[in-house]
Amino acid sequence: MTTRRAFLGTAGLLGASAVLADGRWGLARADKPVNLSGWVFKPDTVKDYIDFYNNKHHGQVKYEAIPWAQYHPTMETRALAGEIVDVMYCNHNNRERWYENGLLRPVDDLPGVDELKKKMTPANLDSLKSKDGTKLLGLPYFTSLFILIYNEPMLQQAGIKAPAKSWDELVEHCMKLKKDKVSETPFLPNWNNSPSGTMPQFMSDCFSEGANVFDAKNRVIVDQEPGVAKAMERWQKVYKADLVNPEVLTKTSSTDTHRLFWSGRYAYHTNHSYYLKTIAAEPENSKLAPKKAKMVMYPGTGQSYMWTDSYVVNAKSKNLEDAWKLTRFLGGNLNGDWYVQRQWCLISGLDNPYPEMYDHPEIIASYDKWIDLKLLREQYKKGKVISAYKEPWYGEYDTKAVAIVHNMIRGTTAVPKGLKELVALQKSLV
Amino acid sequence: MPLRLSEGWFAFALVLPALLGIFVVVLFPLAYSLWLSFTDVNLLRATGPAIELFGVRVPLFRWVGLQNYARIFDDPLYWSSLWRTLYFVGAFVLEATLMGLGMALVLNERFAGRPLMRSLLLIPWSLSRVVVGLLWVGILDFEFGALNGLLHNWGLIDRSIAFFKEGFTALNVLVSVYMWNQAPFATLLFLAGMQSVPEDLYSAAEVDGAGYWQRFRFVTLPALRPILFLVLVLATVNGFLMLDLIYVLTMGGPANETTTISWLGFQTAFAFFKFGPGTAILYTLTALCLLVTIVYQRLILGRFEPER
């Protein structure tokens with residue numbers, strides 16, 4: 001097994017040679033293969049850039065895609081069986097758990113990481129760190145936040161000149177659209193039943209009301225925040241007034257939810273930023289392409305929930321040098337090239353926490369086809385991260401809280417009671 | 001001196017490979033998962049005792065006794081999911097059995113196109129349940145569902161029906177979709193049973209003046225008793241274990257109103273990484289399946305004397 005001392009010694013020599021010889025430390029083909037596992041998202045794209053890496057950087061990377069629902073349990077089961085996957089995708093909810101249980105290693109001591117840290121947005125850097133804030137647990141796969149999207153032709157048809165700037169105005173617009181029979185259900189919030197739906201949407205709307213969901217010690221404090229109650233009362237109101245597709249509560253993913261907006265039958269939609277790409281730039285799928293759907297700054301304080309998923313290095317990797325090189329290729333800028341991060345921006349609108357990427361002419365031209373990039377970057381400045389997901393109870397809280405929030409939305413639980421239930425739920429899991 | 005085996009040992013030696021296979025594939029996982037339900041499982045920290053099996057280290061984790069069972073029995077969500085599961089299974093078994101029997105009766109008659117109908121019947125059963133779920137989303141969806149479209153075009157509704165809006169309606173939709181998927185198999189079994197009833201019995205009943213329903217009650221049904229047992233047991237076990245349709249159609253929502261025990265166990269084990277309580281939840285389901293099977297056996301096969 002490579003010791004830290006031996007690795008640093010080798011890395012130091014290679015780093016020096018890289019400085020002297022323009023990054024030539026990758027010229028020799030890697031001795032051992034490096035395994036990369038990730039959840040299924042555009043596996044052909046991943047295969048393409050892995051081929052690129054193997055050819056250009058002389059790697060021997062073996063890539064495997066695992067369905068999202070089984071991904072994290074599968075990786076844990078494999079670790080139990082003694083299998084070592086050198087580089088892995090890891091979503092934000094599981095990162096701390098993998099670190100505390102010794103599946104991943106921090107990357108702070110690896111060459112070139114300080115440069116990447118400096119380039120990263122501070123909020124994203126924080127979210128990639130361990131709970132105590134001392135260790136960087138991986139490099140970013142992507143970052144995203146919630147945005148507000150509107151259907152421009154529908155608003156124009158109803159004589160609404162500008163999109164809503166406040167939640168009250170949004171509700172007013174939706175009431176008018178329904179009354180005028182322009183849309184049966186004009187509002188499409190991401191209230192789906194998956195971990196990427198209701199609860200991130202809940203936090204976004206709470207943040208936009210200037211409320212906190214967790215305190216500094218990561219305790220749920222929603223019963224003490226007037227902004228949370230305000231957001232929940234608004235949700236109840238729009239549901240009761242039939243402004244929302246009632247089946248959004250049983251949609252099984254954010255992807256399914258955003259596809260509803262393709263139909264052009266909704267006026268407003270809140271969802272992850274990257275979904276606007278398929279809505280506004282894929283005429284073969286969406287009636288709102290090209291660029292008939294647009295984003296507007298999130299109402300209220302403008303803040304919305306932001307998270308960062310990651311590539312992590314296995315703590316037991318026997319090929320740390322090559323594993324780290326691959327990780328830098330994936331989540332950083334190996335030899336100064338943001339190849340993978342750029343590919344995700346161009347192909348899927350998946351953002352990353354390196355602001356300098358967005359000065360690249362290719363990125364600017366690509367985003368211009370589906371979004372106002374300047375506005376998106378402004379929205380990212382308002383992105384708010386939490387650290388509660390680093391707590392061991394968070395995954396269970398996040399899933400079980402959905403039912404409580406759904407009951408508040410449907411009015412089967414009064415808002416003050418529901419908020420107290422959320423607090424009690426978290427306490428019961430600690 | 002050549003080794004001589006008695007006939008019994010020789011037979012045992014012949015079936016030994018199969019027995020080993022059954023042990024590795026069935027008995028060991030069963031016993032191990034039962035063991036897990038009494039332990040505190042952390043896949044990433046497999047501390048505690050372990051056993052070696054065919055060179056593989058199998059961790060036994062920390063024994064916690066009945067703690068996992070106590071914890072799940074203390075959870076109101078477990079009990080609400082249990083009552084919902086019992087409703088789901090009861091409704092599904094009833095629908096699948098009656099529909100299966102009804103279709104078998106029709107397909108047992110002689111009419112033009114019967115072979116084609118028998119072939120078409122198997123299509124819903126042969127589809128993967130994920131596909132079945134997606135197919136029914138296409139039919140029932142509030143926004144783009146074909147059924148809402150048809151009803152609207154025929155002027156029967158002004159506003160789309162939201163089949164998944166209320167939990168109880170959504171649960172009944174799940175029952176019906178699962179019945180659509182599973183009833184053809186019951187039909188197949190019933191049909192096979194009906195084919196094996198000797199024609200003489202029907203002829204004799206006709207001579208005695210029995211009509212269609214009397215022939216059905218006094219000839220067909222008694223002859224189908226073992227098949228009925230099989231259909232009920234299979235439908236009950238399948239109903240208890242049904243998971244994939246929930247995954248595709250509702251994910252246990254709205255709120256927890258379509259959450260069944262199987263979904264709760266799956267969530268607990270694979271979303272919360274609580275494999276101890278997760279397996280405990282699922283073992284209560286196993287116990288229920290066994291209990292219901294025994295009841296069926298007593299009720300249906302108790303008085304059944306097979307021909308010797």
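How many residues of chain A are in contact with how many residues of chain B? The count is 26 residues of chain A and 25 residues of chain B. Two residues are in contact if their C-beta atoms, placed from the backbone, lie within 7 Å.

This is a predicted model, in which local features need pLDDT of at least 70 and side-chain atom pairs count only at pLDDT 80 or more, while totals for chains, interfaces and linings use all residues. Residues are numbered from 1 along each chain as its sequence is written, and chains are lettered from A and ligands numbered from 1 in the order in which they are written.

Stay with the side of chain A that touches chain B. Two elements of chain A, α3 (68-80) and α17, each give two or more residues to this side. Helices (H or I, at least four residues) and strands (E, at least two) are DSSP runs, numbered from the N terminus. α17(A) gives the most, with 7 residues. By class, this side of chain A has 8 nonpolar, 13 polar and 5 charged residues. Here Ala, Val, Leu, Ile, Met, Phe, Trp, Tyr, Cys and Pro count as nonpolar, Asp, Glu, Lys and Arg as charged, and the others, Gly among them, as polar.

α17(A) also turns up elsewhere. Residues 394-410 form this helix, and it is among the elements that cover the buried residues of α10(A). Others include α8 (167-179), β6 (187-188), α9 (198-208) and α18 (415-429) of chain A. The buried residues of α10(A) are Val228(A), Ala229(A), Ala231(A), Met232(A), Trp235(A), Val238(A) and Tyr239(A). A residue is buried if 20 or more other C-beta atoms, placed from the backbone, lie within 10 Å of its own.

α10(A) itself runs over residues 226-240 and has 15 residues. From first C-alpha to last it reaches 21 Å, close to the 21 Å expected at 1.5 Å a residue. That expected span is 1.5 Å times one less than the number of residues. After α10(A) comes Asp242(A), with a positive phi near 55°.

Now turn to chain B. Its domain assignment, automatic or from a database, gives domain 1 (7-65) and domain 2 (75-301). Their C-alpha centres lie 34 Å apart. In contact are 8 residues of domain 1 and 5 residues of domain 2 of chain B. On the domain 1 side, α1(B) gives the most, with 3 residues.

Strands β2(B) (50-53) and β3(B) (56-59) pair in the antiparallel sense over 4 bridges; pairing needs at least two bridges found by DSSP. Ile51(B) has Val58(B) as its bridge partner. The hairpin has 2 residues between the strands, and Phe54(B) takes a positive phi near 50°.

Notes
Buried ≥ 20, exposed ≤ 12 C-beta atoms within 10 Å, placed from the backbone.
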